[in-house]
Amino acid sequence: MSRQLDEQIAARFPVGQRLRVLDVGMGQGTQALRLARAGHKVTGVEQDPTMVAAARAALDAEPEGIRGRVRIVEGDGHETGVHFLPGSFDVVLCHGVLMYVEEPDALLAGLARMLAPGGLLSLLVRNADALAMRPGLAGDWAGALAAFDSTTYRNRIGIEARADRLDAVVASLAGIAAPLHAWYGVRVFTDTAADGVAPPAEAELDALLAAEERAGRTDPYRRVAALLHLCGVRD
């Protein structure tokens with residue numbers, strides 16, 4: 001997915017522009033640090049104290065120049081209006097967050113307000129139109145049948161979460177004046193891979209990533225991906 005984000009950033013902004021990035025639900029800071037290493041100024045928002053501690057530890061291990069480009073704010077993504085002025089960011093990331101938000105429209109509207117005109121909103125959501133894929137491929141026929149008409153699921157760590165349908169997210173983006181610019185499927189072929197398994201050898205890994213990248217931008221494969229990566233652009 002990082003290559004998809006790089007592609008969208010390159011398409012929207014002049015080469016070499018140092019962007020102001022807001023990463024809502026930054027987790028342990030992997031994406032934020034990658035963007036900071038590329039020269040961008042990143043503000044991460046995270047409410048889980050364990051994740052905040054992990055992000056700070058990862059940041060402390062970086063060179064001073066990179067540390068100076070990252071700010072970590074401990075808080076909820078709904079509170080961006082408390083911490084930041086409207087139009088303060090060129091890019092807003094909200095990856096792996098909406099599945100834990102019961103009513104996401106208010107959060108999305110707040111994130112869109114943080115964008116400068118022409119800014120990029122990047123979302124990563126669970127694909128409700130493909131919830132039957134994982135149980136079906138595992139031979140759980142009852143689970144697959146139940147998933148067809150559902151927008152909820154239990155994730156790998158046992159937490160009940162919510163999924164989004166592509167058409168609904170596209171409509172939400174239009175409603176917050178950040179209409180859809182591009183979308184991709186994520187984890188088309190690899191969603192059923194076991195946790196904790198060592199990655200394959202480099203050549204095989206390269207082929208796997210190439211296949212995932214191609215499937216993630218190609219119909220009909222991207223429509224059955226476990227996750228959807230959607231990019232909207234602020235009017």
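**The sheet and its surroundings**

Author: Let's start with the sheet itself. Seven strands make an open sheet with mixed pairing, in the order 3-2-1-4-5-9-8; strands here (E, at least two residues) and helices (H or I, at least four) are DSSP runs numbered from the N terminus, and two strands pair if DSSP finds at least two bridges between them. The edges belong to strand 3 (70-74) and strand 8, each with a single partner strand, so one side of each has no neighbour in the sheet. From one strand to the next, the twist averages 15°.

A word on where this comes from: it is a predicted model, so local features need pLDDT of at least 70 and side-chain atom pairs count only at pLDDT 80 or more, while totals for chains, interfaces and linings use all residues. Residues are numbered from 1 along each chain as its sequence is written, and side-chain values use heavy atoms, with hydrogens and water left out.

Now walk along the pairings. Strand 4 (residues 89-95) and strand 5 (residues 115-126) run parallel, paired over 6 bridges, and Cys94 has Leu123 of strand 5 as its bridge partner. Leu123 also stands opposite Leu230 in strand 9, and here the sense is antiparallel, with 7 bridges joining strand 5 to strand 9. Strand 9 pairs with strand 8 in the antiparallel sense too, over 6 bridges, and Val186 stands opposite Leu227 there.

Helix 10 (residues 202-216) has 15 residues and reaches 21 Å from first C-alpha to last, close to the 21 Å expected at 1.5 Å a residue (that is, 1.5 Å times one less than the number of residues). Its buried residues are Glu212, Glu213, Ala215 and Gly216. They lie on the same side of helix 10, because they cover an arc of only 170° around the axis, judged by the directions from the helix axis to the C-beta atoms. These residues pack against helix 1 (2-12) and strand 8 (180-186), contact meaning heavy atoms within 4.5 Å. Ala203 and Arg214 are exposed on the face turned away from that buried side.

Between helix 10 and strand 9 lies Pro220, and the peptide bond from Asp219 to Pro220 is cis, with omega near 5°. Arg187, in the loop between strand 8 and helix 10, has a positive phi near 65° without being a glycine, and is partly exposed at 30% relative accessible area. Ala177 has a positive phi as well, about 60°, and is found in the loop between helix 9 (166-175) and strand 8.

Methods
Buried < 20%, exposed > 50% of the residue type's maximum accessible area, 1.4 Å probe, protein only. Axes fitted to C-alpha atoms, helices over the stretch in contact; angles between N-to-C directions.
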